[in-house]
Amino acid sequence: MDAFLWYLSWAVAIGIFGWVFRFVGQKVQWPSDKLNVYFRDMPLMVGIGFVFGLVILYVVFHYYFIDKSTFFRWAVQGFVIFAITSWLFLALGKHVGTQATRKVFRQMPLTAAFGILIIIIYAIMSIFAGVIAPYGQEEIFEKINVLPGGDPALGGDPRFPLGTDQLGRDLLSRLIYGGQNTVGIAFVTTILAFLIGTTFGFLAATLSGWFDQAVSRVVDALMAIPQLIFALLLLTIATAWAGSNKELITVYMIVIIAVLDSTRVFRLARAVGFNIVVMDYIEAAKLRGENLSYLIFREILPNAYAPLLAEFGLRFCFVFLTIAALSFLGIGIQPPLADWGTMVRDLAQFINFAQFSPHTAALPLMAAGAIALLTVAVNFVVDWMLHKSSGLKD
Amino acid sequence: MNTGQLLVKIEKIVIQGRSDEQWLPIINSVDLHLNRGEVLGLIGESGAGKSTLGLAAMGFARDGCRIVSGTVEFDGIDLISADAQTKRSLLGSRIAYVAQSAAASFNPAHKIINQHTEAPIQHGISSRPESEKDAIELYRRLRLPTPDEIGFRYPHQVSGGQLQRAMTAMAMSCRPDLIIFDEPTTALDVTTQIEVLAAIRDIVKQFNTAAIYITHDLAVVAQMADRIKVLLKGDEVEESGTDSMLKDPKEDYTKSLWAVRSFTREEKPLASKEEMPVVRVRNVTAAYAKIPVLHDVSFDIHASRTVAVVGESGSGKSTVARCITGLLKPSQGSIEFDGVPLPADYRQRTVEQLKQAQMIYQMADTALNPRKRIREIIGRPVEFYLGLRGRKKEERVRELLDQIELDPDQFIDRLPSELSGGQKQRIGIARALAADPKFIICDEVTSALDQLVAEGILKLLARLQDSLGLAYMFITHDLATVRAISDEVVVMKDGRVVEAGGKTAMFTPPHHEYTSLLLSSVPEMDPNWLTELLEQRGVDNIGDAAIDRMNQA
């Protein structure tokens, strides 16, 4: 009850100060006319927003400089560094490149630039993992559980800037290779899911009738079962089939997740397809006597790129999270291959040390952070693309 | 209220719109004055800035537009520097707005009368019961059927023309000093339009409301406005009283607008009975699922002739086209091409049969694939039907572009989004021509275009017919177009052919009852036309009311 009263008094105080802020702003004669009009037409909520923003700024200041909470400091530092780098990246894009790319960058929000930058970094890391990583992903060293930071006084080792795991494998190398495995497999799976989903979706839209009914009902049935549990079930069966052949397990996993995720793609492709099929140019093509493949690939598909591309980004995140989750549960990507889901699971117990030694707790957070960062980045880019494609429809 | 006092004063207003990273002018320094109780007609083509100027009279600029300079005064209140509160108290209560599409402007989730009473209650002008009573009174004055009940329906339960009148009633709910009508009848059929026009004109006069009437249709504005202002690309062309503007336009542009309706061509003699028609529609009866749409429709289309199929929306004229193209299977009857019956389903027709009948669509926007370049749009049928490839295909595409009067070098690599409405429609024509057909269906090809552009398209179609001997089936609801281009006319109503014959015969009495209603509903340039018509036919014998009466008889 006390806590409730405390929050309530804060809310009331912010409200009052917001009103005062606006009132003062209206009374003061500002040098510029724009400011005068701005304060005159300011809704009360905007005034409150300004005060609320100030309170938040103070909270950030307090935890950063007075409480010195380690994780919070890392988060703020990361935020600032990423903001500055993406701003620089955006500025670079505005001045370098062709007329067209420069125009794209000029209209791009900072979040999208951040997303693109992160995706580029991940792509480079994954593709050139063998060159970039200092050690192999399966290489075992004698020193186990080295803490990140590289400072011997804090239990680190300059040879392993991000430390080693319980078996003595270099975490930096495993993080980089983990990107290659997790992101690479997720990418292949998503592409497969899209091939299946869009083909059936567009076919259903073009043919409609019984074909649409049959495929849609099958998809409904597949979607009715919770996805992760269904995937677990199928993977357990697949693991029994595959026996000790670990590569085969990975292939089965790709196919299973692709099929399960293609149901969502199917739904979207079908809906988008139906919107396009009713257009007069499709009717004109049909009346010309064009065959099905021309209709789908030359008439419908080019008009569905924007929503499909946006869905691709989102779907990639989901697939990627599903793989990480399956690996976390121990039936996804198999050791000794590095992957982020397994890394989180293996190092998870260290999170208990967060209060005494933030560096120890950072071990599982690195892999988790890598997953989170990519997901956020992809979503930023997708948001931007969705905004652009909807803006183009005038 | 004292008529003649200045109500709206807009001076030297400049409005810009944002497009492609820069601000482009929409209105260049235009003045507008409006007295109390006066109706000002704003006319111009699309893109002339007439809607933007109309909205500026409310001190409002759309998203992506900004008022750069100039003044807007409403009854002495400066609307540009007025604060949000002042504007809010004016809009809805003293200034009201009637949009083009009433169907899109009403909230489909609420009953009409609840939306009607919202403004008076919000502005504290009257209580809910008072306002509801007033709404019913307004519905009665606007001659809506069953005024006591109609307000308690949802927007989808009343017809388009009735909804437009309900919207006018809503604008009147606070007895505003000014109403802005933005193309209120453009989306309506002619017979419905006339009802709405009569209702609007009456009510504006009864309450002595000032109005700005925005439209692209000269004949409509001639009925409604006291003064007319002509706009062209954001500039004022001229302004004067309706009578003098109609009789004696000063500027060339205005004269050309007036002259558009004069395009007609000679009616060709009817084809002889023995001659084989290109297309023969024989006793076609068709239905969508179980709902019958066509009943025993028959007519012939001969080579080098244009048959105009006329009727209102829902009369089944587009359905006939769907039967001819094979998109809809008739339940009875058949389509014959050069005397040979065509398979009912287009999928069973041969490529040669498909090639001979082509179609031009109403909305050029949806008829051209937005992701394809002109080269491919026109090139595909050339390749598909005539088997031309590479250089020969390119040559043929260029030849076709020449035929539709577009410069090949300039246009061949463009996307449809880089063309104007008229140019898009020309590409649609070129695509149909590319198949080298004998017969083309033109489905309302000019109804989405400005009058000057539409005239260009009609002239082009006429020229192509003369040089290539094409047979046209011209679907339209616009009788001016029929008069301009057709040789024969088929009038349709409720899926039946009501009357058919040569053009001259069709435009001379005696008519079928429905034909005469259609003909008399087409607005004419004479400003007294509406008054005279209402006297002649009676206020209750126009539009939906007249059709209901006809159906009962």
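Q: Across which strands does helix H22 of chain B lie, and what makes its angle to E19(B) what it is?
A: In this predicted model, helix H22 (residues 513-521) of chain B lies across strand E13 (306-310), strand E19 (488-493) and E20 of chain B, helices (H or I, at least four residues) and strands (E, at least two) being DSSP runs numbered from the N terminus. The helix runs at about 105° to E19(B), because axes are lines fitted to C-alpha atoms, for helices over the stretch in contact, and angles run from 0 to 180 degrees between N-to-C directions. Residues and chains follow the written order, numbered from 1 and lettered from A, as ligands are numbered from 1. Local features need pLDDT of at least 70 and side-chain atom pairs 80 or more, whereas totals for chains, interfaces and linings use all residues.

Q: How is helix H18 of chain B placed against E16 and E17?
A: Helix H18 (residues 421-434) lies across both strands, running at about 175° to E16(B).

Q: Why are E16 and E20 of chain B called edge strands?
A: The open, mixed sheet has the order E16-E17-E18-E13-E19-E20, and strand E16 (357-360) and strand E20 (496-502) each pair on one side only, where pairing requires at least two DSSP bridges.

Q: How many residues does each chain bring to the contact?
A: Chain A gives 12 residues and chain B 17, contact meaning C-beta atoms, placed from the backbone, within 7 Å. On the side of chain A, H12(A) supplies the largest share, five residues.

Notes. Two residues are in contact if their C-beta atoms, placed from the backbone, lie within 7 Å.
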